[in-house]
Amino acid sequence: MENEESSRLRFVLETVRACEAAGPNDIERYCNTLVANVSALGVFAVLGLVRADALRWEGVAMHSRREGLLEALIQMLGGKAFDVDDQTLAGEVVRSGRAIRVDDINRVAAVHERFPAFAEIARRHELRAFVWVPIVSVGRVLGTLGVGRCGASSAPFSNDDVHVVEVLAAAVAREVDAARMVRTEERLREALSKSNERIRVASRTEVVGRLVAGVGHDLNNVLSVVVSYGQMLSDDIGDPALREDLAELRRAGERGAELVRQMLSFGRHEVSSPCVVDLPALVASMRPVLKRILFEDTDLVFDVDRTAGSCRVDPSHFEQVVLDLALNARDAMAGGGRIEISVASIVVDDPRSRRKGPHVLVSMRGSGKIGTVDPFFSASPGTTDLGLTAPRNLMARYGGALSVRIDATGNVVFELLFPRCDPAATRVAAAVSAPPSTAAVTVLVVDDDAPLRKVVSLILTRAGQRVLEAADGLTALEVVAAEEVDVLLTDVVMPGMSGYELAERARALRPSLAVVTMSGYPPDVTRSRLGSAAEAFLAKPIVVADLVEVVRGAAAARNFTGGRGGLVP
């Protein structure tokens, strides 16, 4: 005949096997099977787990062999969950980390005093003995497992019975740890997958950006030729009709230049041209393009204070920010809606952001329930764009700020904040700067693009300058060594020798040399590479008036700082 010890061992093994068969990787089914089996030790069994925040106990599995007892227990608990600090048996076990065993509840006054609700249930359902043990893993209480017996003739739990319950609690702890490890691994896999996807998107974006930058560079050269010849022809022709046609040609070239600027912005090689802008007027002028990108069932409402003020910003970058936000708001409104854009002047005094003084506030409110400020957020499902990251970066570049909030009606509100500046102050500053020299200077034009080099040389020659040409850096150094060159006007990106290296080597030969760089790439990148070697920067496509003024100004600035001198032997 099987002895009691063997019987208990067989009970534990069979219970564990049944649990593993019923709920592999399913902790809820595992616990329900275990509770149904362990309730055979008494009349009822209750298993609950502590949430990850260790503040709440939640009933996972409950089983009773007596009618009405389980419902009474759930009612006592106020449901299947409670705070671990509540005065309950399970809460006491969680807090202390020790088992509670009562042989006869009627003889233990402390149970009636500390747990009156449980004592009342015990009285009504003739509950006599119970044992409640912690489910522990690595010194941390994960939950509790309780078993009870009813009836006056029921025997108390023996030490061996308690040991069986503790062994089964340990089995639950092992399964909970395994389940949580699986969930953690799944979350890590998901996070890694998302991270890898972002890396792949970033890699593709970088490749496309490089391609766009190369195409943009070539297009800038072409547009420089078109716009420059158009300007010169317009100056030479007296026929008003032809002049108007040429003006239209120039405007088309300028629109093409704007497209190139947007392409370079996408490739993160944007040519930044900040200037003082009448922000209310700029916002109002965007109404046609915004109407084109919005759906027909979307109402566009403007509330623009024309006196809000001016800000220093690149107009194309500002327009791009507004377009990005409008697209996000549009995509959030699947069934149409309303987008309100307002411009107002406000006074800011925010110690946290260190913003103070007059600002211009541009607000955009969309009726779509976007409700997120995640940096990679996009309202378009399935897209892989960078959401609000690019607009925030552009805002920061000009001292502005982008914030997102949800208003009282649940609609998203984007707010663009710019420091207000006085346009008159900018004009005064420009007026007191050193005037460009009107004296003829010798300019060395260096560019590997022959048509562009030709038109730049022609513009400077017509302006009264002596012009020399070179198609590459080595040829340019030979000219610098042989000729009295006053200004080096060089492209930045050239095969063989870049404009950076050419400027440094040419300045080493002739310290008096003034350097002007021209490129479709950002001026801040150029200056960071050349340091103080370059007096000025020209963004392609070249504008005739700017070219002449910048070259003369560079020569004047170099003479003013004492840069005259001969060739270094």
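**A helix pair, then a cavity**

Start by selecting helix 15 (residues 473-482) and helix 16 (residues 499-509): their axes come within 10 Å and cross at roughly 15°. Angles under 35 degrees count as roughly parallel, so helix 15 is roughly parallel to helix 16. Bear in mind as you look around that this is a predicted model.

Now show the side chains where the two meet. From helix 15, pick Gly473, Ala476, Leu477 and Val480. From helix 16, pick Leu502, Arg505, Ala506 and Leu509, which complete the contact. Colour them by class and you get six nonpolar residues, one polar and one charged. Gly counts as polar and Arg as charged, so Gly473 and Arg505 are the ones to pick out in those two classes.

Next stop: the cavities. How many of 30 Å³ or more does the structure hold? There are three. Go to the largest cavity, which has about 40 Å³ of space. To see its lining, select Val322, Leu325, Ile341, Val362, Ser363, Met364, Phe414 and Leu416.

Switch to cartoon view to see where that lining comes from. Helix 11 (315-331), strand 11 (355-366) and strand 13 (412-419) each give two or more residues to it. Which of the elements gives the most? Strand 11 does, with three residues.

Finish by colouring the lining of the largest cavity by class: seven residues are nonpolar, one is polar and none is charged.

How values were computed:
Residues numbered from 1 in each chain as written. Predicted model: local features only at pLDDT ≥ 70, side-chain atom pairs only at ≥ 80, totals over all residues. Heavy atoms only, no water. Axes fitted to C-alpha atoms, helices over the stretch in contact; angles between N-to-C directions. Helix = DSSP H or I, 4+ residues; strand = E, 2+ residues; numbered from the N terminus. Parallel < 35°, antiparallel > 145°, perpendicular 65-115°, else oblique. Contact = heavy atoms within 4.5 Å. 1 Å grid on protein atoms, 1.4 Å probe; cavity = no way out; pocket = protein on both sides within 12 Å on 5 of 7 lines; lining within 4 Å. Points joined across faces, edges and corners; volume = space filled by probe spheres on them.
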